[in-house]
Amino acid sequence: MSNPFVRIVEPLDPKQPLKKFFNLSKLEDVRYAHLPFSIRVLLEAAIRNCDEFLVKKGDVENILNWKVVQHKNVEVPFKPARVILQDFTGVPAVVDFAAMRDAVKKLGGDPEKINPICPADLVIDHSIQVDFNRRSDSLQKNQDLEFERNKERFEFLKWGSQAFKNMRIIPPGSGIIHQVNLEYLARVVMDQDGYYYPDSVVGTDSHTTMIDGLGVLGWGVGGIEAEAVMLGQPISMVLPEVVGYKLLGNPHPLVTSTDIVLTITKHLRQVGVVGKFVEFFGPGVAQLSIADRATIANMCPEYGATAAYFPVDDISIGYLIQTGRDKEKVMCTKRYLEAVGMLRDFKNSSQDPDFTQVVELDLHTVVPCCSGPKRPQDKVAVSDMKKDFETCLGAKQGFKGFQIAPDRHTSIVKFNFEGCDFELAHGSVVIAAITSCTNTSNPSVMLGAGLLAKKAVEAGLTVKPYIKTSLSPGSGVVTYYLRESGVMSYLSQLGFDVVGYGCMTCIGNSGPLPESVVEAITQGDLVAVGVLSGNRNFEGRVHPNTRANYLASPPLVIAYAIAGTIRIDFEKEPLGINASGRKIFLKDIWPTRNEIQAVERQFVIPGMFKEVYQKIETVNQSWNALNAPSDKLYTWNPKSTYIKSPPFFDGLTLALQTPKTIEDAYVLLSFGDSVTTDHISPAGNIARNSPAARYLTSRGLTPREFNSYGSRRGNDAVMARGTFANIRLVNKFIDKQGPQTVHFPSGETLDVFDAAERYKQAGHPLIVLAGKEYGAGSSRDWAAKGPFLLGVKAVLAESYERIHRSNLVGMGVIPLQYLPGQDAGTLGLTGRERYTIIIPEQLKPQMNVQIKLDTGKTFHAIMRFDTDVELTYFHNGGILNYMIRKMAS
């Protein structure tokens, strides 16, 4: 072969035909052995897919000598083996593909060139809501309502699965994308067309990193970037630094994997790992199951890294067998990894790679904890929860404060629910949800929750009936082992019935609270609480009426549901008093690690996985009954409020338009730190007084039919109106939270969309000012598409979260970053100025550009196009425009 990096080795099985192995380790250079395992997988993928391995400043020395690589701007074209999508991001991706086919046809090209080249799996898991709970038929009723609301979306996706090759749809009710990937889709080693090579994946969901716990290199990208990858475009990236995270010791018997990941999240936010890989090593890793590792890898976006990688070891191989994978293929996988030096022994320190930086955690120091009330990185030890919440009550409004007046800290509001009288106070739990891929994929914490529920019921404890309790497993396997182990009935008795197989409460699909509860919260202006076993708790995400939300392990979710309040010290105060008058403490019902492991060994068996997954694509009869058109070009329905051809490609020509200087732009919004994609493009409830609601009402819909922003991502008219529509948005131009801004020419305070429309009609460009970590959170592409449609030409921030910056690039919106040591405060920016951003004719990655204000002030900022490829996208007006021109020509 012409590529000097490709090597052929002996076949693993004499019975099989000769297989060719892409094998960097056969370069016989000892320095390769010191590269982080995650980088080895990245380079193997780059070699496999590209004629030119390194496209800038690259040579063998750069590849093999890590100490050189980390100091040089080495750009790698990474083509993952697979792409995974979920429906909230998958629907707009398929909408874009359909519109791109139309655009290619208009430009004289072959529309069927718009088609996935690499395998793409789309799992429908974001549409189901907790409309019904605490009843035996909750699952069926929620699924029926899901189909009633989303039939049009589902028909569209079914069209996509037929119109596009290489695209598989996993129907609703099957599970959460990342757990399905972990238990079923992931290969670890690909065996395709006579070649073995490491599995790798990108996904249109930020928690794609969960699969890194199994040794598959993967991370989340925006839907825009994923579409380009599916069409054969590599991800051009600067070879990242890799932080080695060394795990030592054994976890305390009372500690769960949730406690470990919340501890790591806080630690790595303090270290600073945005844009970097984190690779775990050390003897402590061997103490963690694959489910534990997957939990830690899952929350990688919460600590800001690109990937959180656990190399494959013998425990990984055992997991593949446990989850019902073919034993012969698993053994072949193991032999391949041994042959290329990529099977890890965490107890062998001689295998430890050279890392950019090393940090350590002794697992024995981890204590039971939660995170909140507004961010995943704000870890609080369970022993400190009561005190911490009470401190937050009076603290200044912010990530750890609600600014409640001292004389109102003990406020109580009485209300009636189903004929009985109850009281709510600050800290009262009104939502308790065992949910999310983060924890429901882990049998140890799920069985721990079930055993705790069993002991609680046997001790005579109950959960107050007004608390919205729910259990939404990540796959049918979870229900299987909870039922077989005998704990499901006890979970149901406490109100934790299975309500659906999907993300649900974790993504804001928590459904309505009882009216009397909402009225009590509103009447007392109470800081009500949601407790969930999820990975995100940003303001306004979980539910509009829960101002405080805490991430916790599934057993702790049940414990706080029983207590009914977050203001409890479990060590000193009882969970409750049973009918006999006995005080029951948490320690009385908390299951031991040995109890949990004994049940797990007995009931989590390969047969369960095989039985569930062999029928995953056909088991949903409602999906099977859907009719979808078979045309290769989609016939758009002008009356649809779900699926609409987007305006992104209107007027697109083959000729490039030279980027122009942005002149006299107004600031649409001015933000502080940690503005998330939930703030920019919320996924949940559509408020009845919002621009999106007014649009839907004008189309003849009632509030009951609004559904959610997430479900409407195939309609740009709704999503543009939903941009910056989060009710917890904090805009410096406004003295209160809310989705409004000042329209400076008139001085009026308007909804953000309405203000943007006025600017657009007058021909004024817009920019957004922000602080640190702009765009943290979910990988939603609409957080870039929406601002683009509002007329935002650039964002000026102190720093960006990786995926959101990439999405801005993909839409042709310029990500500008203050120079080191500068910010709006040091430059004296109020946001009321008008900004002219000078775009030079000759652009270079990360170059400084000049910004002039109408006040006469001038300063410079970094244009965060990080690679030459990203500059190419910018010249084309975005990555999708580039792909259309490429396909059309």
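# Getting to know this model

Q: Between which two strands is the loop that holds Val 542 found?
A: Welcome to a predicted model, in which local features need pLDDT of at least 70, side-chain atom pairs count only at pLDDT 80 or more, and totals for chains, interfaces and linings use all residues. Residues are numbered from 1 along each chain as its sequence is written, and side-chain values use heavy atoms, leaving out hydrogens and water. Strands (E, at least two residues) and helices (H or I, at least four) are DSSP runs, numbered from the N terminus. Val 542 lies in the loop between β21 and β22 (548-551).

Q: Is Val 542 buried or exposed?
A: Buried means under 20% relative accessible area, exposed over 50%, and partly exposed in between (1.4 Å probe, protein chains only). Val 542 has a relative accessible area of 1%, so it counts as buried.

Q: Which residues does Val 542 touch, leaving out those up to four places away in sequence?
A: A contact here means heavy atoms within 4.5 Å. By that rule, Val 542 touches Ile 431, Thr 505, Gly 508, Ser 510, Leu 532, Arg 536 and Asn 549.

Q: How many of the six residues of strand β19 are buried?
A: Strand β19 covers residues 429-434. It is largely enclosed by the rest of the structure, because the number of buried residues is six of the six.

Q: Which residue of β20 is the bridge partner of Ile 434?
A: Two strands pair if DSSP finds at least two bridges between them. β19 runs parallel to β21 (residues 529-532), joined by four bridges, and Ala 433 stands opposite Leu 532 there. β19 also pairs in the parallel sense with β20 (residues 468-471), over four bridges. In β20, the partner of Ile 434 is Leu 471.

Q: How many of the ten residues of helix α32 are buried?
A: Helix α32 covers residues 879-888, and its buried residues pack against α4 (87-106), α7 (223-230), α29 (802-810) and α31 (868-875). Among these buried residues are Ile 879, Leu 880 and Met 883.

Q: How many disulfides does the structure hold?
A: A disulfide is a pair of cysteine sulfur atoms within 2.5 Å. Cys 332 counts as buried at 9% relative accessibility, while Cys 420 counts as partly exposed at 41%. The number of disulfides in the structure is zero.

Q: What is the mean pLDDT of the protein?
A: pLDDT is the predictor's confidence in each residue, from 0 to 100. It stays under 50 over residues 14-22, yet 93% of the protein's residues reach 70 or more. The mean is 91.
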